[in-house]
Amino acid sequence: MVNIDEWTITKAVLDAQRGCTDPRLKTLLDSLVTHLHDFAREVRLSESEWRAGIQFLTEVGRFTDSKRQEFILLSDTLGLSTLVTAQNNCKPEGFTESTVFGPFFVKDAPWYDNGEDIANGAHGEPCFVNGTVKDNEGEPISDAHIAVWQSDKDGFYDVQRPELSRLQARGNLRSLVDGRFYFKSIVAAPNPIPNDGPVGRMLSAAGRHPWRPAHLHFMITAPGYEPLITHIFRDKGPYLDSDAVFGVRSSLIADWERHDAGSALANGTPSSIPYYTLRYDFKLFRARPLARAQTP
Ligand code: BEZ
């Protein structure tokens with residue numbers, strides 16, 4: 001095809017990729033090209049805007065490495081992560097809702113027994129977290145793998161503090177026979193998403209702030225159940241209505257209950273300092289059975 005213009009270019013590209021043999025990839029590529037071209041036509045993209053866009057994506061790539069996930073941040077701040085999470089995790093009411101994964105999960109975090117302190121030296125007011133993991137019928141799920149991670153009192157995750165020589169305020173636990181889990185940690189604070197790079201500049205240019213409401217991340221997996229990636233948000237805190245990554249669901253907001261100094265701890269002894277308690281009961285969805293192969 002020659003003499004391609006702004007109106008015939010879309011068909012030309014779609015024709016060029018007609019030979020794609022992976023049907024799903026073809027659907028994705030065809031739709032991407034169609035929407036991208038429609039976008040450029042709709043806004044009448046100028047050449048300097050196109051160059052600025054390429055430069056921006058190049059910088060996002062330059063900022064991305066194993067510790068800094070600038071592309072995930074871009075997806076999160078554009079709302080794409082929340083959209084994809086929402087459309088892939090529709091569950092009947094009553095099941096724990098999912099939300100964005102974020103860039104701060106670490107695979108090899110320490111394992112803890114129930115009751116242990118996962119803060120591991122991170123600074124913040126003490127918080128005792130407890131809850132249950134249950135299934136569709138309210139039956140406890142024992143031995144579920146519970147991964148937790150959070151920021152410290154200054155809103156920083158351990159991986160954002162290069163001076164640290166150990167992982168803090170994150171860990172792995174297993175639910176008990178009755179589905180219960182409990183651990184000690186610290187109260188998480190609102191945190192800005194990393195905003196010293198191209199995504200931060202994009203937010204300022206768009207008149208947006210980089211803040212997230214205080215939250216605790218959970219990833220819970222158990223054989224036979226859909227994995228759950230979610231947060232529990234601290235109620236009444238700032239940014240619940242304007243999370244920079246659009247991740248807040250009202251069912252995930254919980255009461256971080258404050259107890260004055262002198263209040264009894266779970267073992268009955270009075271605490272010399274104020275502390276918080278948080279309870280949350282998770283309900284996992286049984287894995288959808290795989291579609292049965294068609295028999296002739
Ligand atoms: C966070 O959980 O703090 C986070 C999530 C998405 C992007 C940036 C930060």
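Begin at the largest pocket of this predicted model, which holds about 640 Å³ of space. Rolling a probe the size of a water molecule over the atoms shows where empty space is left.

Select Leu36, Phe39, Ala40, Leu45 and Trp50. Among the 18 residues that line the largest pocket, these five are the closest to its centre.

Which element gives the most to the lining of the largest pocket? Colour α3 separately: α3 gives the most, with six residues.

Now show the whole chain as a cartoon. Six helices and 11 strands can be traced in the protein. Orient the view along the principal axes, where the C-alpha trace spans about 85 × 60 × 35 Å.

With every residue selected, colour by burial. The protein has 296 residues, and 38% of them count as buried. Then turn to the contacts between residues with a separation of 6 or more: 70% of these contacts in the protein come from residues 24 or more positions apart.

Finally, select the charged side chains. How many are positive and how many negative? The protein has 32 positive and 38 negative side chains.

Methods:
Residues numbered from 1 in each chain as written. Predicted model: local features only at pLDDT ≥ 70, side-chain atom pairs only at ≥ 80, totals over all residues. Heavy atoms only, no water. Helix = DSSP H or I, 4+ residues; strand = E, 2+ residues; numbered from the N terminus. Buried < 20%, exposed > 50% of the residue type's maximum accessible area, 1.4 Å probe, protein only. Contact = heavy atoms within 4.5 Å. Lys, Arg positive; Asp, Glu negative; His and termini not counted. Charge placed at Lys NZ, Arg CZ, Asp CG, Glu CD. 1 Å grid on protein atoms, 1.4 Å probe; cavity = no way out; pocket = protein on both sides within 12 Å on 5 of 7 lines; lining within 4 Å. Points joined across faces, edges and corners; volume = space filled by probe spheres on them.
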